[in-house]
Amino acid sequence: MQLSQILFTQGFGTRRECAGLVALGAVRVGGEVVDDPAADFAPAGLVLTIDGVDWPVHAKAVVLLHKPAGYECSARPKHWPSILSLLPSPLRTRGLQPVGRLDQDTTGALLLTDDGALIHRLTHPKRHVAKVYEVGTARPVEPAQVERLLAGVVLDDDPAPVRAAAAEATGECALRLVLTEGKYHQVKRMLAAVGNHVETLHRSRIGPIELPTGLKPGQWCWIDPALAEPGAGG
Ligand code: URA
């Protein structure tokens, strides 16, 4: 594929802008400047360096964002900036979408991708992708509350009870909750249903993908698309 066409697929602008980037000498392949927009490369596994920044070429992009508080998971946010503003412009141009949503005040692991089929697979209720939440509660976590979360609580929009796949107190006012569904405000509503209240909420894992400790709030990293598949990682 022509180098300028590869840049185009990665979101670096119009075809003309991508050809211009190459002609200007802004693109390196294997450490060497390539200034011929028509130079031919196999895109699979290719790593470009654009204006000094490495860019692994992916047919479909999957990234993990450490969502900070104070951002909305929407392309058209109402009250807070969009999480998309935390991504570099090529990823925004490619139309990355969050896989599910976190509330404005929730922090932690958020996957984004331009692979619509992957979003569908990851959010389909039958796939039961486990999400791990670290919950800070307003009142001490009582053993009876943990039991009820595991046994199932009824929320106001559905008579069928929702259960935590796992729940354990991790401190006096702290709880680790594993959910395999993704209902609206699910953690907050489940905690309210057992008579407690969420003060802080952080998602530490989605399926096999753990938020790396080195990834600070607002930072993102590439994820191997195979690792993001439901059921990956055992
Ligand atoms: N449950 C919630 O209540 N909020 C989130 O952001 C995620 C899960």
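User: What do the buried residues of α6 pack against?
Analyst: This is a predicted model. In it, the buried residues of α6 pack against β8 (131-137), α5 (143-151), β9 (153-155), β10 (158-162), β12 (174-179) and β13 (198-206).

User: Which residues of helix α6 are the buried ones?
Analyst: Helix α6 covers residues 186-193. Its buried residues are Gln186, Val187, Arg189, Met190 and Leu191.

User: What happens just after α6?
Analyst: Gly195 sits there, with a positive phi of about 90°.

User: How accessible is His185?
Analyst: His185 has 29% relative accessibility, so it counts as partly exposed.

User: Where is Asp51, and what is its phi?
Analyst: Asp51 is in the loop between β3 (47-50) and β4. Phi of Asp51 is near 50°, again positive in a residue other than glycine.

User: Is Asp51 buried or exposed?
Analyst: Exposed, with a relative accessible area of 59%. The cut-off for exposed is over 50%, so Asp51 qualifies.

User: Back to β13. What about Ser204?
Analyst: Ser204 lies in strand β13. Its relative accessible area is 12%. Buried means under 20%, so Ser204 is buried.

User: What does Ser204 touch?
Analyst: Leave out residues up to four places away in sequence. Then Ser204 touches Ala109, Val132, Glu134, Ile209, Glu210 and Leu211.

User: How far is Ser204 from Leu110?
Analyst: In sequence, they are 94 residues apart. In space, the C-alpha atoms are 9.3 Å apart.

User: New topic: aromatics. How many aromatic pairs are there?
Analyst: A search of the whole structure finds three. One of them is Trp55 with Trp222. That pair is edge-to-face, 5.2 Å centre to centre, with 90° between the planes.

User: Why does the Trp55 and Trp222 pair tie parts of the chain together?
Analyst: Trp55 lies in strand β4 (residues 53-56), and Trp222 in strand β15 (residues 220-222). The pair therefore ties together parts that are 167 residues apart in sequence.

User: Are those two buried or exposed?
Analyst: Trp55 is buried, at 6% relative accessibility. Trp222 is partly exposed, at 22%.

User: Which residue does Trp222 also pair with, edge-to-face at 5.4 Å?
Analyst: Trp220. There the planes are 80° apart. Trp220 is partly exposed, with a relative accessible area of 24%.

User: Which residues do ring pairs link into a cluster?
Analyst: Phe12, Trp55, Trp220 and Trp222.

User: What lies over the face of Phe8?
Analyst: Arg15 does, at 4.1 Å from the ring centre.

User: Let's zoom out. How many helices and strands are in the chain?
Analyst: Seven helices and 15 strands. The C-alpha atoms fill a box of roughly 70 × 35 × 30 Å, taken along the principal axes.

User: What percentage of the chain is buried?
Analyst: Buried residues make up 43% of the 234 residues. The accessible surface comes to about 11900 Å². Carbon and sulfur atoms account for 54% of that surface.

User: What about contacts across the sequence?
Analyst: Take contacts between residues at least 6 apart in sequence. Of these, 63% join residues at least 24 apart.

User: And the charges? How many positive and negative?
Analyst: The chain has 24 positive and 25 negative charges. Their mean positions are 5 Å apart.

Terms used
Residues are numbered from 1 along each chain as its sequence is written. This is a predicted model: local features need pLDDT of at least 70, side-chain atom pairs count only at pLDDT 80 or more; totals for chains, interfaces and linings use all residues. Side-chain values use heavy atoms; hydrogens and water are left out. Rings of Phe, Tyr and Trp (its six-membered ring) pair if their centres lie within 6.5 Å; planes under 30 degrees apart count as stacked, over 60 as edge-to-face and the rest as tilted. Helices (H or I, at least four residues) and strands (E, at least two) are DSSP runs, numbered from the N terminus. Buried means under 20% relative accessible area, exposed over 50%, partly exposed in between (1.4 Å probe, protein chains only). A charge sits over a ring if NZ of Lys or CZ of Arg is within 6 Å of the ring centre and within 35 degrees of the ring normal. Contact means heavy atoms within 4.5 Å. Accessible areas come from the Shrake-Rupley method with a 1.4 Å probe; for residues, only the protein chains shown count as cover. Lys and Arg count as positive and Asp and Glu as negative; His and the chain ends are not counted. The place of a charge is taken as NZ of Lys, CZ of Arg, CG of Asp or CD of Glu.
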